[in-house]
Amino acid sequence: MKTFKNYLVGGATFILLLTLVACSEPTSEKSAAEAKLITEQDTVFIGFLLDTLQDERWYNDKELFEEEVANLGGRVKTLAANGLDDVQISQAELLIEEGVDVLVVVPRDAAASAAIVELAHEADVKVISYDRLITNSDLDYYISFDNERVGELQAQEIVNNVDTGNFAYIGGAESDNNAILFRQGAMNILQPLIDSGDIELVYDQYTEGWNPDVAEENMLSALDEQGDDIDAVVAANDGTAGGVINALSTVGLDGEIPVSGQDAELNAVRRIVDGTQTMTVYKSINTLAVQAAEMAFKVAAGDDIPTETTVNNGQIDVPSILLEPITVTEDNIDETIIQDGYLNEEDIYTTP
Ligand code: BGC
């Protein structure tokens, strides 16, 4: 913990603290107040940088992470960059100036955010990459899910429904390392079927900024190019799946062909119940947020964190924790996301 730096930055409180310490009589009541102020200065201060709050999941990440930091007795400041690299880098600078002990970052752009690691290290602040990997940098830790596995689960569930014909792949943002891994995972399942000639990948596009409107446009192009002859769609998350399903509805194909997703967003789970989306991937955001907060505390205390695995980010093997994703279809909504308290039954099954 960089307590001394906190003192310098938190000027006003520091002066107040000094005044109190200087003027105080050694009564037990006053000592308690002093102790409280000293403790406030001494608490772990964590900076949490998000790319965006556009997708529902990131609100959950924010809330659960902040809650766990508070439970552990620390304080956190969360900033979201609205999908802009420059903004994210400036936000990192700001938090470093404010004296954070550790930065937890969901990078907007895997490569551009290496600058954040450099800036942080110059100030002796360690960086944890949260959910998405920061590539080509001297990153300290990475905590996420097995993202290649996410892609495998998506394609596998689609292939369980339809294993011949024309397939479309509607990916995530190419700037996000996860999107690359989701596609790789999907291709692990699809490639043998492509090689055997059972399926043809007639459309294969990333989606700029993970934007559902872009996914919808892309799906409309795919339908147009193929004269609506598409048999299945692997979409990389629930947002893009929503765009895909809108596009399919314009030609009456919604609910007729399988579509994948990811994140267990409420609207997506409702679509699964309605039959227009085939599956989603549930990733326990609670586990991710809680473990990331615990990790941040240990890092702030200067502890080394033993991890079972490492992930190469192009520059180093980053000590990593990778959690398990779970397929959700209409058959296991109850024993996964409802049982876990991620979504509640009433919200899912009551038509809004
Ligand atoms: C996350 C997904 C999310 C996507 C878009 C990815 O990096 O892993 O859960 O849907 O970003 O925000």
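**Exercise 1. Secondary structure and overall burial**

Task: State how many helices and strands the chain has, and what share of its residues count as buried.

Solution: In this predicted model, the chain has 14 helices and twelve strands. Of its 352 residues, 51% count as buried. The accessible surface of the chain comes to about 15,300 Å², and carbon and sulfur atoms account for 46% of that surface. Turning to contacts between residues at least 6 apart in sequence, one finds that 71% of them join residues at least 24 apart.

**Exercise 2. The sheet of seven strands**

Task: Give the strand order of the open sheet of seven strands, and work out which strands stand at its edges.

Solution: Begin with the order, which reads β2-β1-β3-β4-β5-β11-β10, with mixed pairing. The edges are taken by β2 (75-80) and β10 (309-312), each of which has a single partner strand, so one side of each is left without a neighbour in the sheet. From one strand to the next, the twist averages 25°.

The next step is to look at individual pairs. Strand β3 (residues 102-105) pairs with strand β4 (residues 126-130) in the parallel sense, over four bridges, and within this pair L103 has V127 of β4 as its bridge partner. Helix α4 (residues 56-71) packs on the sheet, where it touches β1 (45-50), β2, β3 and β4, and its direction makes about 175° with that of β1.

At the other end of the strand order, β10 pairs with strand β11 (residues 317-323) in the antiparallel sense, again over four bridges, and T309 has S320 of β11 as its bridge partner. These two strands form a hairpin with four residues between them, and in the turn G314 has a positive phi of about 95°.

**Exercise 3. The sheet of three strands**

Task: Describe the order and pairing of the open sheet formed by three strands, and then follow the side chains of β8.

Solution: The order is β7-β6-β8, and the pairing is parallel. Both β7 and β8 stand at the edges with a single partner strand each, so one side of each is left without a neighbour in the sheet. The twist averages 20° from one strand to the next.

Strand β6 (residues 165-170) is joined to β8 by four bridges, and the two run parallel. Along this pair, F167 stands opposite A232 in β8, while A168 stands opposite V233.

For the side chains, the general rule is that in a regular strand they alternate between the two faces of the sheet. In strand β8 (residues 232-235), A232 and V234 point one way and V233 and A235 the other way, and all are buried.

Helices complete the picture of this sheet. Helix α9 lies across β6, β7 and β8, running at about 140° to β7, whereas helix α10 (residues 238-249) packs on the sheet by touching β6 and β8, with its direction making about 150° with that of β8.

**Exercise 4. The setting of T207**

Task: Locate T207 in the chain, decide whether T207 is buried or exposed, and identify what its side chain reaches.

Solution: T207 is placed in the loop between β7 (199-205) and α9 (212-226). Its relative accessible area is 0%, and because a residue counts as buried when this value is under 20%, T207 is buried. The side chain of T207 reaches the backbone oxygen of G171 at 2.6 Å. When neighbours within four places in sequence are left aside, T207 is in contact with I170, G171, G172, A173, V214, A215, N218 and T240.

Definitions and conventions: Residues numbered from 1 in each chain as written. Predicted model: local features only at pLDDT ≥ 70, side-chain atom pairs only at ≥ 80, totals over all residues. Heavy atoms only, no water. Pairing = 2+ DSSP bridges. Axes fitted to C-alpha atoms, helices over the stretch in contact; angles between N-to-C directions. Contact = heavy atoms within 4.5 Å. Buried < 20%, exposed > 50% of the residue type's maximum accessible area, 1.4 Å probe, protein only. Polar contact = N/O pair within 3.5 Å; in protein donor to acceptor, adjacent residues only side chain to side chain. Areas by Shrake-Rupley, 256 points an atom, 1.4 Å probe, with all protein chains shown as cover.
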